[in-house]
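Dear colleague,

Please find below the sequence and structure that I am handing over to you.

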2 protein chains.
Amino acid sequence: MKLALIGFGTVGQGFVEILRDKGAALRDQYGFAPQLVAVATRSRGSLLLASGLDYDALLTAIAGGHLDQYPDMPGLQRNLSTEALIQQCGAEVLLEAGTTDLQSGQPALDYCYAALDANMHLVLANKGPIALAYNELRERAQAKGKRLLFEGTVMAGTPSLRLALQALAGCTISEAHGIINGTTNYMLTQMEGGMSYSEALAQAQALGYAEADPTADVDGWDAAGKALILAAALFNQKLTFANMTVRGISQISLEDIHAARTAGERWKLIAHLTPSGASVQPMRIPLAHPLAGVSGGTNALTLSTDLLGDVTLIGAGAGRKQTGFALLADVLELHRMKQR
Amino acid sequence: MKLALIGFGTVGQGFVEILRDKGAALRDQYGFAPQLVAVATRSRGSLLLASGLDYDALLTAIAGGHLDQYPDMPGLQRNLSTEALIQQCGAEVLLEAGTTDLQSGQPALDYCYAALDANMHLVLANKGPIALAYNELRERAQAKGKRLLFEGTVMAGTPSLRLALQALAGCTISEAHGIINGTTNYMLTQMEGGMSYSEALAQAQALGYAEADPTADVDGWDAAGKALILAAALFNQKLTFANMTVRGISQISLEDIHAARTAGERWKLIAHLTPSGASVQPMRIPLAHPLAGVSGGTNALTLSTDLLGDVTLIGAGAGRKQTGFALLADVLELHRMKQR
């Protein structure tokens with residue numbers, strides 16, 4: 001199975017490391033032998049080699065700062081535009097792991113459409129296109145007989161979508177509550193331990209959880225983008241930021257934390273989804289609820305179902321290998337489909 | 001898809017209720033239209049009708065105490081032996097939801113072999129055959145080109161095996177920690193609240209969580225049976241009770257509970273699996289661990305993986321619809337396979 005990768009940052013590199021480290025195991029266990037034939041970046045060049053790029057050489061080149069450092073070899077094409085690369089690569093699957101833009105979804109969205117035109121399945125770790133254009137993407141993919149997979153857009157590789165859409169097939173999901181932003185959950189956990197909001201934020205930034213401009217995390221927009229994706233995937237519901245309540249954690253004080261604790265509760269930034277709407281806001285959760293025990297940068301999702309009651313999945317919500325694995329899980333699913 | 005059901009107790013009835021209540025949804029959403037052609041019980045008769053049994057009539061008959069109360073109709077055969085019913089039913093799938101025997105696995109194990117001889121896939125909610133004879137069952141099933149599915153044997157319908165074997169495909173699981181007996185977890189939760197061991201046991205019995213003879217639960221044998229199944233499924237490891245440490249909760253006192261709490265920990269009856277062995281015993285779990293927050297009759301499983309770190313699934317571990325759903329999930333998987 002020939003793959004093309006757009007975006008070669010943390011997630012893309014994590015994925016290539018997995019392909020390198022697990023190549024033999026994937027072949028032996030699943031009969032899966034992918035070839036990465038193209039890699040495109042925004043500002044660090046692109047590569048196309050129909051016979052398959054070398055994983056170590058790719059990782060060395062990008063560690064050096066630019067794909068130009070990839071060694072010359074017969075048939076290698078360098079620095080094609082991403083559009084040209086999609087048209088020429090001949091891959092079966094486009095992996096979109098570029099930078100997320102939650103305003104326009106671009107340029108990733110156009111790359112996805114171009115890949116469908118070139119008869120490729122779509123696997124996304126990039127939240128933008130799914131959050132903003134899920135329905136159109138899905139319709140265009142269906143019209144082409146192609147799959148649209150995006151496990152990596154919600155809880156990194158922790159299989160929240162596979163749980164909801166596959167493992168729970170036959171149940172009706174009526175509601176979902178999620179802790180789907182690790183930065184704010186880390187900060188709230190630190191505040192539980194007595195830290196002030198600003199100390200917790202500074203520590204999250206020092207550890208690389210929060211960016212220099214922490215707005216997307218602390219004001220709830222990252223979680224809201226994931227909530228749009230969950231609303232689409234679980235409830236086939238086309239929401240936009242404009243018709244969601246989105247509140248972050250910046251108004252939560254140590255006094256609020258203490259008051260909750262006295263009542264046997266804990267503040268969490270909760271994405272709440274039902275078939276009729278979605279919200280992201282801080283909520284007080286009873287200590288006995290599985291989400292109350294989710295601490296630090298960990299993510300979690302509780303699905304309320306008709307047959308099983310509540311089912312909760314807890315795991316990593318970010319990380320190089322963790323999100324790289326989401327891409328692997330999606331391409332393995334495409335591989336299984338082909339085999340049957 | 002024609003189905004035959006052995007065992008028509010809580011789980012079997014839950015499954016038939018689901019088929020009755022969800023028939024239209026299963027057809028519309030998944031194109032799945034199963035027919036239940038045979039039901040066998042140990043002491044309440046059996047029925048075989050090639051054109052498919054009526055769900056309401058079945059449930060009414062068993063509620064009345066015996067399948068003899070099912071109305072007469074052309075082609076209906078009554079009170080065949082289970083062996084004859086398996087041979088004659090013409091079903092594609094045998095659903096084994098009979099009584100669990102963790103000493104011999106019988107008579108369910110022989111029914112499974114007979115069903116393979118009759119070219120049926122196997123779906124089990126009955127722990128006995130999987131705990132005691134997984135390898136032989138799997139080999140015979142493979143030799144016949146048949147599937148062996150048993151989601152319902154570990155955490156009722158909470159998809160612990162689908163998570164480990166399918167959603168996490170591509171990860172290597174190095175270790176698992178599970179709370180896989182709801183009765184003892186309920187009792188420990190009550191003891192956290194100040195109840196003595198004997199009070200907690202009496203309450204669990206009053207609520208129907210624990211049986212009159214609570215040995216299988218409180219001494220850890222129910223959890224150990226599930227641990228054998230997990231050892232086989234996750235690590236392809238053939239264990240027996242004789243080579244596992246199995247300890248229950250009857251030695252845990254309120255003083256132990258208090259001492260753990262003082263240290264920021266909580267007692268849980270933990271099944272622990274690695275590729276080299278398994279155990280069931282009470283362990284003190286740090287409060288920050290997801291398993292520490294699992295309270296009451298709820299079950300949970302934490303899988304430690306190379307790519308994702310720890311992934312925890314929390315949900316029901318018993319129940320009529322909950323285990324009935326496990327059977328549905330397995331037959332839906334067989335249906336998906338056929339479609340491809």
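A:Glu333 is buried, at a relative accessible area of 6%. Please bear in mind that the model is a predicted one.

The side chain of A:Glu333 forms a salt bridge with that of A:Arg147, with 2.8 Å from N to O. This pair joins distant parts of chain A: A:Arg147 lies in the loop between α5 (127-144) and β7 (148-149), whereas A:Glu333 belongs to helix α12 (residues 320-339), 186 residues apart. A:Arg147 has a relative accessible area of 24% and is therefore partly exposed, since buried would require a value under 20%. Both residues also belong to a network of salt bridges, which links A:Arg147, A:Glu151, A:Arg162, A:Asp330 and A:Glu333.

In chain B, a salt bridge connects the side chains of B:Glu265 and B:Arg284, at 2.7 Å from N to O. Here too, distant parts of the chain are linked: B:Glu265 is in strand β10 (residues 265-274) and B:Arg284 in strand β11 (residues 277-286), 19 residues apart. B:Glu265 is partly exposed at 23% relative accessibility, and B:Arg284 is likewise partly exposed, at 33%.

A further salt bridge in chain A pairs the side chains of A:Arg20 and A:Asp21, with an N to O distance of 2.9 Å. A:Arg20 is partly exposed, with 36% relative accessibility; A:Asp21 is partly exposed as well, with a relative accessible area of 45%.

Over all chains, the count of salt bridges comes to 34, and the pairs described above are among them.

With kind regards

Note on methods: Residues numbered from 1 in each chain as written. Chains lettered and ligands numbered in written order. Predicted model: local features only at pLDDT ≥ 70, side-chain atom pairs only at ≥ 80, totals over all residues. Heavy atoms only, no water. Salt bridge = Lys/Arg side-chain N within 4 Å of Asp/Glu carboxyl O. Buried < 20%, exposed > 50% of the residue type's maximum accessible area, 1.4 Å probe, protein only. Helix = DSSP H or I, 4+ residues; strand = E, 2+ residues; numbered from the N terminus.
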